[in-house]
Amino acid sequence: MWVRSQPMVSPFPDGFLWGAATSAYQTEGALDADGRGPSVWDSFARRPGAIEGGGDASIATDSYRRWRDDVELVGELGLTAYRFSTAWSRVVPDGRGAINSAALDHYERVVDALLEKGVEPVLTLNHWDMPEALLDEGGWLGRGSVDAFTHYATAVAERLGDRVPWWITQCEPWIVQLLGYQLGIHAPGFADVASSVRAGHHILLAHGAGYDAIRGLTKGRIGCGPNLLPCVPASDSEEDRLAALGSDGFVNRWYLDPLFLGRYPDDMRAHWERVAGPLDFIRDGDLAQIGGRMDFLGLNFYSRRVMRAAEPGPGRPFPWQVVRAPEESRLTDEGTEIVPGALTELLVRLKTDYPEVPILITENGLVSNETPEHDGRVHDVRRIRFLRAHVQAMADAVAQGVNLAGYLHWSLLDNFEWALGYRPRFGLVYVDYPTQTRIPKDSARHYAALIAANGDLDAVPEEGGEAAEADASGVFG
């Protein structure tokens, strides 16, 4: 239906991975099953007002029990890779000590089922569900968190290291540091600027220690999965240019430089020292432990930041602020600017500025809240257009020599979107939460056709009828 009968000339290499992503806490539910211990998100979700709509992840998409259904969806869509996370609080319920073999049995079944379908598992070790027991040392504020993570990572790799070809140690360190420890709007709900930079350092240190611990247990590639946001000035002024540079240090270089170069950037270190005081938690040897342990970069990309110079003050520790996207910008249903060209620029910049390793886009997607219509289908034309625009952006980067290994769309399923609850819908597959019925959206079918064509947009016509015509007139997000 979608693919023309003509020779395909794909801009992507043979073996390019096309997949989708989920995380354990956002999908599994079954919080009391098989000896799972409480995570920091369990207690955070019980705080009044912490989760929009008052929901929690006790059911989510019920994927701990319905995992076979989800693997079937992966196969039906022709995905060649599937990213998921093992739940830290399932594998080590008390944070330290005893390993829960029932949890590892479960993830072993998932991995084996994926492999039977010819799908490459991409396994994330920490997608934010730290065991609550580790809060006795402040979670990531305590240096013991590094040893606890290494203990957990080792247990998972001892069981699955022979079958998993892609390992992500840490998902989005900046988000954990910013929302969990600086602003307090994610678990564990701490709100202290000085503490946040300490937590972020320990997350990076855990990446390095975890890499070393599992390197001998798998032949797979091991990397980290930061979310990166290109930072652009709001005007041509020198002040705004410096604001964008500073924001880039805060969001991007504070993580990329230690991961790739074994050092923190001097300009951002000066900002942190002014705000947080001496960074004496960075010990001798730490940066050597972090640096150079990247077999690939897992890149989460959603948008960019438009920056303006601003005086520091209450609620603004640094001399910059994010401003609204330009009037003409296309936005998602969550108000996020859609800028596929920024992905091309980011990929080329990574190739230029850092030691070259394969890049795997481990998250990219949008909130588009369409629901089933009279025909029972979900006609999410905007997600189709978003997907096609970002495939083109990747093709442009590949043409410029970027070593791109694959693309994993966020997300396979609509799911529990952290503090935003169940309102935002990111999925290729619609989930009716009361019944847990899964309905592949039009975007899922279109993505399947793109996968069959290895990303050749010319071979896959963009079909969408009246909805597509409306979108072409400017209604995008």
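The questions below ask how terms are applied to this predicted model.

Author: Local features need pLDDT of at least 70, side-chain atom pairs count only at pLDDT 80 or more, and totals for chains, interfaces and linings use all residues. Residues are numbered from 1 along each chain as its sequence is written, and side-chain values use heavy atoms, with hydrogens and water left out.

Reader: Why is the pair of tryptophan 41 and phenylalanine 44 called edge-to-face?
Author: Rings of Phe, Tyr and Trp (its six-membered ring) pair if their centres lie within 6.5 Å; planes under 30 degrees apart are stacked, over 60 edge-to-face, the rest tilted. Here the centres are 5.2 Å apart and the planes make 75 degrees. The structure holds 32 aromatic pairs.

Reader: What makes tryptophan 41 and phenylalanine 44 about one helical turn apart?
Author: They are three residues apart in helix H2 (residues 40-45). Helices (H or I, at least four residues) and strands (E, at least two) are DSSP runs, numbered from the N terminus.

Reader: Why does phenylalanine 44 count as buried?
Author: Buried means under 20% relative accessible area, exposed over 50%, partly exposed in between (1.4 Å probe, protein chains only). Phenylalanine 44 has 4%, so it is buried. Tryptophan 41, at 0%, is buried too.

Reader: What makes tryptophan 272 and phenylalanine 318 an edge-to-face pair?
Author: Their centres are 5.1 Å apart, with 85 degrees between the planes. Tryptophan 272 lies in helix H10 (residues 266-276) and phenylalanine 318 in the loop between strand S8 (305-309) and strand S9 (320-322), so the pair ties together parts 46 residues apart in sequence. Both residues are buried.

Reader: How do you know that the charged end of arginine 90 sits over the ring of tyrosine 64?
Author: The rule asks for NZ of Lys or CZ of Arg within 6 Å of the ring centre and within 35 degrees of the ring normal. The charged end of arginine 90 is 3.9 Å from the centre of the tyrosine 64 ring. That distance is within the 6 Å cut-off.

Reader: How do you know that S2 is mostly covered?
Author: Five of its five residues are buried. Ala81, Arg83 and Ser85 are on one side, Tyr82 and Phe84 on the other.

Reader: What makes S2 and strand S3 (residues 120-126) a pair of strands?
Author: Two strands pair if DSSP finds at least two bridges between them. Five bridges join S2 to S3, and the strands run parallel. In S3, valine 122 is the bridge partner of arginine 83.
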